[in-house]
Amino acid sequence: MSSNPSSRRRFLSDSFSTASAFAVGAAFQSLGSRLSHARPIDVKSKVDLVPCCDETTGVPLLKLPAGFRYVTFGWTDDPLTNGDKTPGSHDGMAVIASDGDLVTVARNHEVNGIGSPMPSEHGSYDPVGKGGCTNLVFDTKAGKLKKSWVSLSGTVRNCAGGPTPWGTWLTCEETLVDPKDWEDPKAKVKKLRKKPYQKSHGWIFEVPATGKATNEPLVDMGRFIHEAIAIDRKTGIVYETEDRRTSGFYRFLPKTPGKMAAGGKLQMMKVIGEKDLRRGVDHGSTFDVEWVDIAEPQRAHRPKSFDNLGCFSQGKALGGTTFARLEGCWASDDGIFFDATSGGARGAGQIWKFDPAAQKLSLIFESPGKEVLNMPDNLCVHPDGGIILCEDGDYGNHDSYQRIHTLTQDGNLKPFAMNNVILKGEHNKFKGDFRKKEFAGATFSPDGKWLFVNAQTPGITFAITGPWADRIS
């Protein structure tokens with residue numbers, strides 16, 4: 001690993017803008033070449049993953065390669081710095097600030113339902129929204145959590161999002177619940193509610209590393225089933241994914257780059273000659289792209305319906321292209337990358353690359369089966385190269401559990417971690433077998449020594465460190 005301070009500073013800047021000099025596309029293309037030529041990959045080899053005890057609880061919560069260790073913190077119900085309880089359903093996450101050995105991580109909580117919002121000194125967006133974000137300050141030298149607090153409150157189902165070049169977190173709501181849902185006699189959720197939401201949902205919010213969040217939705221960025229965002233540092237354009245069976249890929253053109261609240265224009269990708277790219281696409285296929293305007297980005301549904309297709313239907317009417325469940329999104333020097341977690345012939349996932357300069361879209365990898373790569377979701381890049389891939393698949397058998405992989409530049413895919421969370425009340429009285437619950441929110445410290453990642457259920461944040469050069473090169 002590089003120890004050059006200037007390279008570390010560059011990655012810190014790049015990580016906030018989701019950019020990296022590492023050629024993400026080349027890594028996936030090399031993996032595809034290995035598979036097509038029947039060259040061996042390491043994905044089936046699990047022998048070097050062994051149970052590893054958490055240094056916080058002493059429980060073997062993960063299986064990891066030899067030489068790696070980890071601590072856990074910020075569990076559901078752990079006390080925040082002010083004594084309030086940590087909310088659950090940990091999801092998307094990113095490092096958004098750094099001060100010496102201290103890094104600030106913004107973390108989503110994908111909490112549904114109506115109830116009391118997370119206690120926050122900054123107030124809440126919706127007085128009955130239970131989701132939001134917490135920020136955590138971690139000491140990378142001591143390997144300990146130093147501070148934690150609620151940074152956004154009153155939202156719903158905060159799934160993923162993305163860091164910005166200016167050191168904030170854009171958190172995305174993966175829902176379109178609304179006070180009007182209560183008025184729909186066909187709404188299945190009506191019978192489950194005692195009262196309606198007080199505000200509309202399905203927005204993106206900006207969360208600072210410190211200080212007060214505005215609690216104001218960025219309405220021009222669109223209202224749909226949001227997943228993740230990535231920002232092109234060169235142009236300031238924000239790319240957005242939509243997580244539903246029929247998804248669009250969007251971009252937001254801000255009036256002033258870096259000032260999301262100033263508004264802008266939302267557009268949906270139109271792939272020339274291709275109405276639907278969920279199946280039947282050959283590996284390496286490249287298409288020309290146009291963009292169509294979403295005239296009413298705040299529209300949640302088609303008229304006289306509650307179908308969640310407000311933005312999507314506008315784009316489709318103008319020739320926009322359908323994708324399969326778009327999730328993770330990453331911007332690097334060689335393009336914008338996003339995954340269709342259920343795309344492809346086997347429904348095991350597609351990785352797409354968009355080239356903004358050429359306005360071209362390419363399918364750079366399609367998983368040939370869930371045993372190789374099972375529905376990729378979150379992805380991030382190590383500062384010295386190498387990709388981290390979190391799966392979110394359903395294995396359907398007893399001896400396979402959620403995995404994290406590393407992918408090297410030369411296409412070598414290796415299992416890095418396996419969920420081994422079985423609890424018998426050792427921490428906060430949690431009990432159960434959680435090994436099939438997803439990993440989420442993978443993000444590295446600027447020096448590349450620590451990987452932060454969440455187990456969504458029961459809600460645990462891991463900080464993992466070790467000989468990364470052995471896994472990423």
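A cavity is a set of points, on a 1 Å grid over the protein atoms alone, where a 1.4 Å probe fits but cannot get out; its lining residues have an atom within 4 Å of a point. This is a predicted model, in which local features need pLDDT of at least 70 and side-chain atom pairs count only at pLDDT 80 or more, while totals for chains, interfaces and linings use all residues. Residues are numbered from 1 along each chain as its sequence is written, and side-chain values use heavy atoms, with hydrogens and water left out.

**Stop 1: the cavity**

Select Met93, Trp330, Asn378, Leu379 and Ala442. Of the 31 residues that line the largest cavity, these lie nearest its centre. The count is 1 cavity of 30 Å³ or more. Its volume is about 330 Å³, taken as the space filled by probe spheres set on the points, which are joined across faces, edges and corners.

Now colour by element. Helices (H or I, at least four residues) and strands (E, at least two) are DSSP runs, numbered from the N terminus. Two or more lining residues come from each of helix 1 (5-16), strand 4 (90-99), strand 8 (158-163), strand 11 (226-231), strand 16 (326-332), strand 20 (376-381) and strand 26 (439-444). Strand 26 gives the most, with 6 residues.

Then colour by class. The lining has 18 nonpolar, 9 polar and 4 charged residues. Here Ala, Val, Leu, Ile, Met, Phe, Trp, Tyr, Cys and Pro count as nonpolar, Asp, Glu, Lys and Arg as charged, and the others, Gly among them, as polar.

**Stop 2: strand 21**

Stay with Leu379. Its bridge partner in strand 21 is Leu389. Strands 20 and 21 run antiparallel, joined by 4 bridges; two strands pair if DSSP finds at least two bridges between them. They form a hairpin with 5 residues between them, and Gly385 in the turn has a positive phi of about 100°.

Select residues 387-391 to show strand 21 itself: 5 of its 5 residues are buried (under 20% relative accessible area; exposed is over 50%, partly exposed in between, with a 1.4 Å probe and protein chains only). Ile387, Leu389 and Glu391 point one way, Ile388 and Cys390 the other.

Look across from Ile387 to find Leu407.

**Stop 3: helix 3**

Zoom in on Ser313. Its relative accessible area is 17%, so Ser313 is buried. Its side chain reaches the backbone oxygen of Leu309 at 2.6 Å. Leaving out residues up to four places away in sequence, Ser313 touches Arg299 and Arg302 (contact means heavy atoms within 4.5 Å).

In the loop between strand 15 and helix 3 lies Asn308, with a positive phi near 65° in a residue other than glycine. Asn308 is partly exposed because its relative accessible area is 27%. Gly319 follows helix 3, with a positive phi near 100°.

**Stop 4: two loops**

Go to Arg157, between strand 7 (144-155) and strand 8. Arg157 is not a glycine, yet its phi is positive, about 50°. Its relative accessibility is 26%, so Arg157 counts as partly exposed.

Finish at Pro458, in the loop between strand 27 (450-455) and strand 28 (460-465). A cis peptide bond joins Thr457 to Pro458, with omega about 10°.

How values were computed
1 Å grid on protein atoms, 1.4 Å probe; cavity = no way out; pocket = protein on both sides within 12 Å on 5 of 7 lines; lining within 4 Å. Polar contact = N/O pair within 3.5 Å; in protein donor to acceptor, adjacent residues only side chain to side chain.
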